[in-house]
Amino acid sequence: MDLNIVMIAVIAANVLVSIKGFNDPSFFERYKFEIRAIKKGEKLRMLTSGFLHVDFTHLLFNMITFYFFAPIVIFHFGNLKFLAIYLASLLAGNLLSFQFHKNEDYYSAVGASGAVTGIIYSGILLNPGMSIYFFFIPIPIPAYIFGIGYLLYSIYGMKNRVG
């Protein structure tokens, strides 16, 4: 798999921002998705929260998933359109979360799940016959099954406030 500079930059941004958030609670609090703060005009949180993660496992799960699907999207669309899909998916995911929780002023969230979901589904649409292999499951899993599972896990995480 070719390592693309934009793909590496997105992973690096997620890793660096998340590590900063792991080690600096005030940084984490200032940039996480939080309904009350967004309602008060802190719209930048709709973007910055997509680069923060709850913990290393959350970060690793999102970035491994991203790593496997990003090259397909980059190959078909190029770097600029790929980045546009990533950022639009991040914002769309946060807008959905905002709509879902708009009456819960203290609701907060972090993570790249919206952006990664956009990349997963773009990859699946571009290569619908693709399969994924996991270390612990010796048979191929159709990518669309993984995509449905990832989406359900993301919704579960959003509703139950877990990464």
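The protein chain has 7 helices and 4 strands; helices are DSSP runs of H or I with at least four residues, strands are runs of E with at least two, and both are numbered from the N terminus. Followed along the sequence, these elements give the pattern α-α-β-α-α-α-β-α-β-β-α. The radius of gyration is 16 Å, close to the 15 Å from the globule rule for 163 residues, so the chain is as compact as a globular protein of that length. Here the radius is taken over C-alpha atoms, and the rule is 2.2 Å times the number of residues to the power 0.38.

A word on the model: it is predicted, so local features need pLDDT of at least 70 and side-chain atom pairs count only at pLDDT 80 or more, while totals for chains, interfaces and linings use all residues. Residues are numbered from 1 along each chain as its sequence is written, and side-chain values use heavy atoms, leaving out hydrogens and water.

**The chain as a whole**

Along its principal axes, the C-alpha trace spans about 45 × 30 × 25 Å. Of the 163 residues, 40% count as buried, meaning under 20% relative accessible area, with exposed over 50% and partly exposed in between (1.4 Å probe, protein chains only). Among contacts between residues at least 6 apart in sequence, 74% join residues at least 24 apart; a contact means heavy atoms within 4.5 Å.

**Annotated spans**

The unreviewed UniProt entry places the feature "transmembrane region" at several spans, including residues 44-70 and 107-126. Such annotations may be inferred rather than shown by experiment; the positions follow the numbering used here, and feature names are shortened. Here are those two spans in the model:

**Two residues to look at**

Let's start with Met 46, which is found in helix 4 (residues 45-48). Met 46 is buried, with a relative accessible area of 9%. Leaving aside neighbours within four places in sequence, its contacts are Phe 33, Ile 38, Leu 90, Leu 91, Asn 94, Leu 95 and Phe 98. Val 110 is 64 residues from Met 46 in sequence and 9.6 Å from it in space, C-alpha to C-alpha.

Now turn to Gly 129, in the loop between helix 6 (113-126) and strand 3 (131-134). Gly 129 is exposed, with a relative accessible area of 65%. Gly 114 is 15 residues from Gly 129 in sequence, and their C-alpha atoms are 23 Å apart in space.
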